[in-house]
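Here's a quick tour for anyone meeting this structure for the first time.

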Amino acid sequence: MIRVLVADDQALVRAGVRMLLQATGDMEVVGEAEDGAEAVRQAERHLPDVILMDLRMPRVDGLEAIKRVLAARPSTRIVVLTTFAEDSNVYAALRAGAVGFLVKDDDPERMVDAVRRAAAGEQLLAPSVLRRVVERFLDAEEQAAAPAPAGLTERELEVLALVGTGLSNAEIAEELHVGVTTVKTHIAAAMDKLGLRNRIQAAVVAHRTGLVDAAFRPVRQPRPSSQGRTGE
């Protein structure tokens with residue numbers, strides 16, 4: 001059962017999201033919050049797997065709440081709820097550790113899918129959107145290209161590059177001819193070694209270090225003849 005916390009200052013939005021998620025059978029809304037301060041308290045109390053977080057809330061806004069929640073429990077998956085897809089605060093929220101965002105007028109099915117994907121460790125940005133986010137991050141940081149991350153295995157570097165292209169775990173598994181569980185293991189190991197919170201931050205690292213080229217495709221070494229292996 002996926003445990004979900006809904007944080008939004010509009011009671012009707014919270015009620016609608018609760019009804020939608022509770023009807024799935026594999027999700028439980030364990031708490032609701034009408035502002036960021038309450039969201040932090042509810043997160044500490046209920047330990048949700050996923051938080052749907054509105055950014056524009058009174059007292060403590062969603063961005064500050066994201067920072068506080070992740071400081072206390074980094075494994076929490078936070079999905080931003082926003083009215084405008086171009087909300088500049090969305091980028092700040094992603095930088096703070098949110099795993100993606102949903103526009104409030106999206107189809108209900110998309111919200112359900114987003115919660116499931118967030119709980120499974122997937123990213124919630126289409127490749128085209130991910131590219132814009134990465135470019136925004138790199139422009140804001142104004143940092144020169146960095147060398148390839150130290151301490152990662154060759155396969156972890158390869159998986160990190162593919163994360164940078166926006167591929168899902170299943171798509172990476174198909175590309176590398178390995179199992180999805182193997183992909184998850186490599187991603188988790190790479191992110192742990194680099195101190196990253198989510199795949200968006202991993203994608204930024206992949207671009208900044210040159211693992212993904214200007215054409216937004218991974219920089220790949222020639223594959224050995226053993227490419228048909230099912231795991232490494």
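The largest cavity holds about 30 Å³ of space. A cavity here is a set of points on a 1 Å grid over the protein atoms alone where a 1.4 Å probe fits but cannot get out; grid points are joined across faces, edges and corners, and a volume is the space filled by probe spheres set on the points. Keep in mind that this is a predicted model, where local features need pLDDT of at least 70, side-chain atom pairs count only at pLDDT 80 or more, and totals for chains, interfaces and linings use all residues. Residues are numbered from 1 along each chain as its sequence is written, and side-chain values use heavy atoms, with hydrogens and water left out.

**Cavity and pocket**
- Searching the whole structure turns up one cavity of 30 Å³ or more.
- Around the largest cavity sit Leu70, Pro74, Ser75, Thr76, Arg77, Gly97, Val99 and Arg197, where a lining residue has an atom within 4 Å of a point.
- That lining splits into three nonpolar, three polar and two charged residues; Ala, Val, Leu, Ile, Met, Phe, Trp, Tyr, Cys and Pro count as nonpolar, Asp, Glu, Lys and Arg as charged, and the others, Gly among them, as polar.
- The second largest pocket has a volume of about 210 Å³, a pocket being an open set with protein on both sides within 12 Å along at least five of seven lines.
- Its lining has 14 residues, and Arg77, Gly121, Ile187, Ala188 and Met191 lie nearest the centre.
- Helix 9 (residues 180-194) gives the most to this pocket's lining, with five residues.

**Overall build**
- The protein chain has 10 helices and five strands; these are DSSP runs numbered from the N terminus, with helices (H or I) of at least four residues and strands (E) of at least two.
- Of the 232 residues in the protein chain, 49% are buried, meaning under 20% relative accessible area with a 1.4 Å probe and protein chains only.

**Confidence**
- The chain's average pLDDT is 84, and 83% of the residues score at least 70; pLDDT is the predictor's confidence in each residue, from 0 to 100.
- Over residues 214-231 the pLDDT is below 50, yet this stretch has 38 contacts in the model beyond near neighbours in sequence, a contact being heavy atoms within 4.5 Å.

**Cores**
- The largest nonpolar core has 33 residues, and Met53, Ile66, Val80 and Leu94 touch the most other members. Such a core is a set of buried Ala, Val, Leu, Ile, Met, Phe, Trp, Tyr and Cys residues joined through side-chain atoms within 4.5 Å.
- A second, separate core has 20 residues, including Leu152, Val178, Ala206 and Leu211.

**Places to find**
- Val50 is part of strand 3 (residues 50-54), and it counts as buried because its relative accessibility is 0%.
- Val50 and Arg3 are 47 residues apart in sequence, but their C-alpha atoms are 6.4 Å apart in space.
- Beyond its neighbours within four places in sequence, Val50 has contacts that include Ile2, Leu5, Val79 and Ala118.
- Helix 7 (residues 154-164) is mostly covered, with nine of its 11 residues buried; among them are Arg155, Glu156 and Glu158.
- After helix 7 comes Gly166, with a positive phi near 90 degrees.

Technical notes
Buried < 20%, exposed > 50% of the residue type's maximum accessible area, 1.4 Å probe, protein only.
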